[in-house]
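Reader: I am new to this structure and would like to learn how its features are read. Could you show it to me and then take me through it step by step?

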Amino acid sequence: MPCRTPSQGNTPSNLDIIFQVNDHPIHQDHQDRTSKRKPDIVILPYACAFAGLPEENRDMGADDYKLISAATKPKKKLFWKDVLACVEFKRPTKKLSQCPLSYEVAPYKPTHPEYRRVEPPETDTPAIAAVDSAQTPATLPVPDAERPVRRSPRLAVSSQNPSNDSSKRKAAETLESASKRAKTDDDTEPDPEPKLDVTVQTGLYAAEMFAANVAVKHLVNLVVDEMVWVWHYDRQGTIQCSGINFIQDLPRFMVLLYAFQRFSLVHWGRNADFKHDEKNDSHKLMIDGVDLELHTSHKDRVAHYGLKGRATNVFPVTSAKLSKDNPEIAKDGMVAKVFWAEEQRASEPDILKKVYEIAEEQDAVKGHVPHLLWHHKFKDPTSKIREALGVSEPAKGSRVLYILVFCKLKPITELKGTEFFDAWRQCIMCHYALWQAGVYHRDVSPGNMMWYRNGTVLMGVLNDYDLSSLATALGPQGNERTGTIPFMALDLLSKKGQRGEVKHLYRHDLESFVWVLVWVSLRYKDGRLLSRKFRPFDEWATVDAETCGEKKSFFQTNFLQYEFFAVDQRMWELVMDCLQLLKADAYRRETIGYKIRRQAGVGRLIMAEEFELDDLKFLDLFTHTEAWVQLSNSVQ
């Protein structure tokens, strides 16, 4: 039953939280889509709960309001930005126990079960992955079930239930599917979601709360059945606490409520560095003398919807200090990238430092990489709470918040015809030069290919290096699963590739450029995304990696059937030439592998390098095609 925590104790928070009955749709816009969620109860600051009260009831006494309206469905809409936490109820599977006549303070006794099982969806929907999902450092965020079991000796904590791997995986994928649906440009309503387990529902509520606020550090939700289960969410993953029996262990449950009562916004996970300017609907921060105003409601923002991983958000930004230091840049010519980087990887600023060194020597790179104006790394990595709880391997997958300010660029999807080809080709040449110099991008996608004009000269830019690696990096990074699913090489979408057993080679990234070409050429016209009925491949962005690989393989084999989607005949000819080369090279490698196997006999370990082309030779196959040469001549 909803309640308001009593105002007792020496340090109650001025939030004066209310447990507000809801079961009312809360809507939120995500790019061109709108989500609708109905949590059972939301925890709100009193001021925000009062805003949901009908006008005719606002003259009642404060105490009356708090007692009556908290248990009443709100008449006015609530907003996710105000929600501190959600409480979701699951009908108990057995009769609740009777209250004891008295309570004693005693050591905690684990509940049975100690951790709540996550049930799979009731429909047979496929596992789904996000096009721009949070890589950790993989194409698909590694589901909790695939991580080692983690337990705290000081506080019973679970990242997952080891006996429940498949259901946890389905839960994680379902959450990521919501992320994808929210981010895809579309002109239709999404298909109805399957009936989800209560813990998956609360995970979706967490995704909404993450999306509604900037740079949120963590969130907490409650699931209630026979027990109360506390779930902690951050960009490293989820932590499920063992249950509290709120009938037999009422004192401990009351301690939890008293703790919530004393939570400030920072304890609820809000980032105090980002201060909301209600007048301008923006967020301001001051760091080391640098003033930033993030225009977080601007139409050009790129927002993230999901639970874990990088959670990249890009906002237009203005700064008096940076404008003064860079007078050549227009006031509206900067963007801020806010994201959670994996601590164990080389940071994007460090990689860009190496990129800029290469640019001084390589014309193919100079002017074709993003211009970093300023950056800052925040404190308090996600491993901190895991260390406090005694979770094993707390640093594994730990993330820390970064903010980077760049010169503003335009997306390559705005270009058409020969201009698109020119920018696309420049990005390929920049990528090749960087790869040979020891910078491996490994996440080629339309969102990472940009452009600008230097006077009248079109300049293609290979963007986004937060998943890149350096040849000098210590430890195994070549086999890490990085990329964006619809644009990944077929080898990396296979079972072996998804397990990290396929080394990420140069040809895989070049193949990704081909899939970008396919995607843009058949889905865009005059720089605009076509409506659903006139564009193919939507399903590539809404299925898991292996299924996407199967669909792309079918397309590669039967691409001539898709000619009626082609908008520009010259670009379609380039698409055909590139796809045919990919097929031919795959057949060549398969043939050589077969011959080596026949000669060596069963049991010999065959190294991939035995039948790989030199990187430049592989690139030359594409640059010497008839369509490439003709298009190159037309832009010179």
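Author: Let us begin with the terms for strands: two strands pair if DSSP finds at least two bridges between them, while strands (E, at least two residues) and helices (H or I, at least four) are DSSP runs that are numbered from the N terminus. In this structure, strand S11 (residues 282–287) and strand S12 (residues 290–294) pair in the antiparallel sense over 5 bridges, and methionine 286 has aspartate 291 in S12 as its bridge partner. This is a predicted model, in which local features need pLDDT of at least 70 and side-chain atom pairs count only at pLDDT 80 or more, whereas totals for chains, interfaces and linings use all residues. Residues are numbered from 1 along each chain as its sequence is written, and side-chain values use heavy atoms, with hydrogens and water left out.

Reader: How many residues lie between the strands in the hairpin of S11 and S12?

Author: The hairpin of S11 and S12 has 2 residues between the strands, and aspartate 288 takes a positive phi near 50° there. S10 and S11 also form a hairpin, with 4 residues between them, and aspartate 281 in that turn has a positive phi of about 50°. The antiparallel pairing of S10 and S11 runs over 3 bridges, and the bridge partner of lysine 275 is lysine 284 in S11.

Reader: In which order do the 7 strands of the open sheet stand?

Author: The order is S10-S11-S12-S13-S14-S16-S15, and the pairing is antiparallel. S10 and strand S15 (372–377) stand at the edges with a single partner strand each, so one side of each is left without a neighbour in the sheet. Neighbouring strands of this sheet are turned by 30° against each other on average, direction ignored; for such angles, axes are lines fitted to C-alpha atoms (for helices over the stretch in contact), and the angles run from 0 to 180 degrees between N-to-C directions.

Reader: What span does helix H14 reach from its first C-alpha to its last?

Author: The expected span of a helix is 1.5 Å times one less than its number of residues. Helix H14 (residues 569–600) has 32 residues and reaches 47 Å, close to the expected 46 Å. Aspartate 568 caps the N-terminal end of H14, with a side-chain oxygen 2.9 Å from the backbone nitrogen of arginine 570.

Definitions and conventions: Polar contact = N/O pair within 3.5 Å; in protein donor to acceptor, adjacent residues only side chain to side chain.
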